[in-house]
Amino acid sequence: MAMFWCTEALPLAVTAMLPVCLFPTLGILPSKKVCPQYFLETNFLFLSGLVMASSIEEWGLHRRIALKVLTIVGVKPAWLILGMMMTSSFLSMWLSNTATTAMMLPIANAILESLFGDLETLKQKCKYTEDPEGDIINGQSTLKLHSLPSVPSEKQMLSIDGADGTEQTDLRSAEEIRSESEYQLKVWKGFLICIPYAASIGGTATLTGTAPNLILIGQLKSYFPDCDLINFGSWFAFAFPLMLLFLFLGWIWIAFLYGGLNTRLCYQKNDRRAQAEARAKAMIEEDYRKLGPINFAEGAISFFFVLFAVLLFTRDPKFVSGWSVFFKKGYVSDAVTGVIIVSILFFFPSQKPSLSWWFDPQASNTPYVPLLSWKKAQESVPWNIILLLGGGFAMAKACEESGLASWIGGHLQPLAEVPPAAAVMLITAFLACFTEFASNTATIIIFLPVIAELAIRVSVNPLYFMIPATVGCSYAFMLPVSTPPNSIAFASGHLMVKDMVKTGFVMNILGVLSVSLAMNTWGIAMFNLDTNPEWAHPINKSAVVTDVHFSSVQSLNATL
């Protein structure tokens, strides 16, 4: 299954269903134990997050959020890259990383065209090194290519110096125009590359943000049934500060690499770029104005979205008693909370209902359209990912029941000599590299049982190894094939593989360092990672029994 997932010889979802065929027929697990793994409560939590995301997309609330953030941060390249990253990461906490990237890229391209004009003409300018008259002609041709022919294009605005008008175009040499165009092309690449990276980072902040987080929960419940430290609220309290830290470091690196960080970052300067920036700001504000005031449907979705988040955070926050204490202990989970909220979306009206018909049956009433139809939800939910989650849970169950995880853990005994803090960095770095070539979901499914067994063998809190492994699986930045968001950005045709490798290599290093810092500071305090907990002991005992059994057999063989 690992080989099929890595090579995609079969569709990922089809490979995920192989346990249903093979585990019963090979005598590993009966089908009544395999099949329930495909729709655990973790899958219901994932499903509720996807349904909430589809309702946000249905009414365009995500576009309103994106444009509002961009109007706040301004249009200087560094601030705009930061705005793009903040918006993408926030949206991907709730929407899928792929949907976030697909939504943000067109907005980015529209802003960039307003700043710099047509991309193809910009590329020609970068290559063009002949006489200045040719540059003037090239600048004039931009006017025809630009989508707003009634006014000078942004590129023409970049070729003049504000008050002096077109007369100053002649003063710019071909080399100056080429240098400015190269700068603009670098900024363009920075915009495109920051969106998929921020989406991948943002997905780690919530349990429903990306599939590996849910696989961690599912496998924890399978291996360590008594472990109740990880839920939506406690994960967010740990992962959100980590996301902010990594997002800030990533912004510094991308803005530095692609020309956004310079002396113009913090003060105004009336030059060619400033005029283009003013024009882009006007375009963003105009797009936001066209959305009009928030309508009833958007307000209702906003309310249920906030309620969804608040109820998940406060169910059992650990540091105080949550609202789950009003119910029988252990009965209400995050999945129950999510399904309750999203069920309301299917009957709550999308238009403000009129109450006049209560008093006058003849009065007209607004047509009833719910916030979300089942058809829309069904189309937007990636059912293949739900099967993939189930296949991972089935594989983990078989690894545990068959003793394979213990056997692999025994062969990892030499790693006991490595200090735990160094092991965290090694595990995160290894999985961040491995997931460049394989699905992050498949990667965590394959390695999490092994990592759990390794932690038991070296008498370390299993969460100390499992959490960084889970987060590291989402840090795939170096190749277009690493994640769907990377593929979408690369498919725009404006990025090269070397751009992603150069940027992504340092991003991976920053990610490993950020995770290591988080685990060894607030992670230890939150989850008591410096102790070997009671809930891990039952597995320890079974591992010891297995070792004793193996050693007894070896002694008997030696005697014979």
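The largest nonpolar core of the predicted model comprises 138 residues, and those with the most contacts inside it are F224, F465 and I467. A nonpolar core is here a set of buried Ala, Val, Leu, Ile, Met, Phe, Trp, Tyr and Cys residues joined through side-chain atoms within 4.5 Å, where buried means under 20% relative accessible area, exposed over 50% and partly exposed in between, with a 1.4 Å probe and protein chains only. Helix α14 gives the most to this core, with 14 residues; helices (H or I, at least four residues) and strands (E, at least two) are DSSP runs numbered from the N terminus. Another core, of six residues, lies apart from it and includes L29, V34, Y38 and A394.

Because the model is predicted, local features need pLDDT of at least 70 and side-chain atom pairs count only at pLDDT 80 or more, whereas totals for chains, interfaces and linings use all residues. Residues are numbered from 1 along each chain as its sequence is written, and side-chain values use heavy atoms, with hydrogens and water left out.

W94 is buried at 9% relative accessibility, and F305 is buried at 11%.

The rings of F236 and F240, with centres 4.8 Å apart and planes at 15 degrees, are by contrast stacked. Both residues lie in helix α14 (residues 232–257), four residues apart, or about one turn of the helix. F236 is buried at 18% relative accessible area, whereas F240, at 25%, counts as partly exposed. Ring pairs also link F90, W94, F232 and F305 into a cluster.

On the surface, M425, F505, I509 and L513 form a nonpolar patch with about 350 Å² of accessible area together. Helix α26 (residues 497–527) gives the most to the nonpolar patch, with three residues, while M425 lies in helix α22 (residues 420–434) and is partly exposed, with a relative accessible area of 32%. Patches are made of residues with over 30% relative accessible area and no salt bridge, like charges being joined within 9 Å and nonpolar side chains (Val, Leu, Ile, Met, Phe, Trp, Tyr) within 5 Å; a salt bridge is a side-chain nitrogen of Lys or Arg within 4 Å of a carboxyl oxygen of Asp or Glu. Accessible areas come from the Shrake-Rupley method with a 1.4 Å probe, and for residues only the protein chains shown count as cover.

Notes: Rings of Phe, Tyr and Trp (its six-membered ring) pair if their centres lie within 6.5 Å; planes under 30 degrees apart count as stacked, over 60 as edge-to-face and the rest as tilted.
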